[in-house]
Amino acid sequence: MHIDVNNAFLSWSAVYYNLKGSKVDIRTTYAVIGGDEKTRNGIVLAKSMYAKKKGVVTGETLYSARKKCPGLKTYPMNYPFYQKMSNKLFSLIKSYSPDIEIASIDECYLDYTKVKNIYGDELEFAKKLQKEIYEKLKFTVNIGIANNKLCAKMASDFTKPNKIHTLYNYEIKEKMWPLDVGELFMVGKKTAEKLKIMNINTIGKLANTEPIRLYPMFKNQAKFLVDIANGIDNSSVDSSSYEAKGISNEITLEKDYSNYKELEPFLLALCDKVSLRLRKLNKSASVIAVILKDNTFKRRTHQKKLDYPTNTTDEIFEVAKIILKEMQNDDEIRLIGLRLDDLSVCNIRQISLFNNSLNDDSKLDKTIDKLKEKYGTNILFKAGSVKLKNKKE
DNA sequence: TCTGGGGTCCTAGGACCC
DNA sequence: TCTGGGGTCCTAGGACCC
């Protein structure tokens, strides 16, 4: 089964406002959860069914959404509350089976095969679960039931909200093949465009294409694409706890910068923020990457692999500065980001790359981390950095 | 008041090694 | 007398997801 929260951010904000005593349920109004336009974050993150009916789509600018839907109300994102609701949802589902794979903040897979002999018919169980989620947590979910994860995921997406759909192997032809090829999970915009050029417009058409025909355009992806169009997926529900492979933070700047020196304070703030997250995970990173987006929205990344993993703010910043310098050109920079990869639990201390002394920044970092935990992340920040707004810790 | 932020995985090319 | 084959690691970019 694939369990998916309907309009997650919007539903959860609706729950939040209702808990705060609001008489209005924003799910029944023309509403979106949107970024802040003043900080150049003005896009739609989630929409109500009403707004959707007016043609509002996720990812579009608030400006464009308002043109489609006059009177549209926008509400800010409340990530800490979303995380709480997410945890409650998964705890509830886990009370029936530990065999769940959390796919994102608002969706998970449940391996029902292993508990079917306890709870019985899957459709009946899904109905009960859906009802219980609504009664206890006050939001609706879609549930997809199928023989594998891919088909369950496809099924949960059929019609919304508050629906249960099945997509058993024998139903693939009838229920999935007529759909537009772009609807297929893992077929994004670019792939759909290429397939349509080849006159492959539906999932069914893709399912009945010889992989060899796709090979020139898709190389090793060819067989995969035909497989998923046939509903073939042998992956299992992986309930092992999630471990990040890399962590990053990025910020859209309040204006474009062409002077790279002026970007350094932002870079330092990012190093501070990401390395704090890294230390909270008790990990070190050995790949440091800087991400830049220019005013034409083109992204560039550069990275460096270190000889030893590190998690100190200063070391990461020193490397990041070098990378930033190497990336310098005439671009007008709109966004800057920092990513740490190749994470390990290795805590072996090395002699700092940039100081000849054996100074131990890790002690300083630890002390600062503790202060931040106690008094809030904004209590202390590096003199050379700028204050970042806390969106997501 | 134009266009977020956080992730994963794959590919292709170059350096380097034997 | 003219140029292999196999392998790893690193980097940059692109595709996908929510």
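1. The surface near DNA strand C is made up of four nonpolar, six polar and seven charged residues. The model under discussion is a predicted one. Of the 17 residues around DNA strand C, those that come nearest are Gly 188, Lys 190, Thr 191, His 302 and Lys 305. Two elements, α9 (189-197) and β11 (299-310), each give two or more residues to this surface. The largest share, six residues, is supplied by β11.

2. With seven residues, β9 provides the largest share of the surface near DNA strand B. Sorted by class, this surface has eight nonpolar, 12 polar and six charged residues.

3. Attention may next be given to a pair of helices. The axes of α4 (residues 79-94) and α6 (residues 122-137) come within 11 Å, and they cross at roughly 140°. Angles over 145 degrees would count as roughly antiparallel; α4 and α6 are therefore oblique to each other. The crossing in which α4 passes α6 is right-handed.

4. The residues that make this helix contact can be named on both sides. From α4 they are Met 85, Lys 88, Leu 89 and Leu 92, while α6 contributes Glu 132, Ile 133, Lys 136 and Leu 137. By class, the contact of α4 with α6 comprises five nonpolar and three charged residues, with no polar residue.

5. Which strands form the open sheet with mixed pairing, and in what order? Three strands build this sheet, and their order is β3-β2-β4. The edge strands, each pairing on one side only, are β3 (44-47) and β4 (73-75). On average, and with direction ignored, neighbouring strands of the sheet are turned by 35° against each other.

6. Strand β2 (residues 31-34) and β4 run parallel and are joined by three bridges. Opposite Ala 31 stands Lys 73 in β4. A helix also belongs to this part of the description: α1 (residues 8-19) packs on the sheet and touches β2, β3 and β4. The direction of α1 makes about 70° with that of β3.

Key
Residues numbered from 1 in each chain as written. Chains lettered and ligands numbered in written order. Predicted model: local features only at pLDDT ≥ 70, side-chain atom pairs only at ≥ 80, totals over all residues. Helix = DSSP H or I, 4+ residues; strand = E, 2+ residues; numbered from the N terminus. Nonpolar A, V, L, I, M, F, W, Y, C, P; charged D, E, K, R; others polar. Near = placed C-beta within 6 Å. Axes fitted to C-alpha atoms, helices over the stretch in contact; angles between N-to-C directions. Parallel < 35°, antiparallel > 145°, perpendicular 65-115°, else oblique. Left-handed = near helix turned anticlockwise from the far one by under 90°. Contact = placed C-beta atoms within 7 Å. Pairing = 2+ DSSP bridges.
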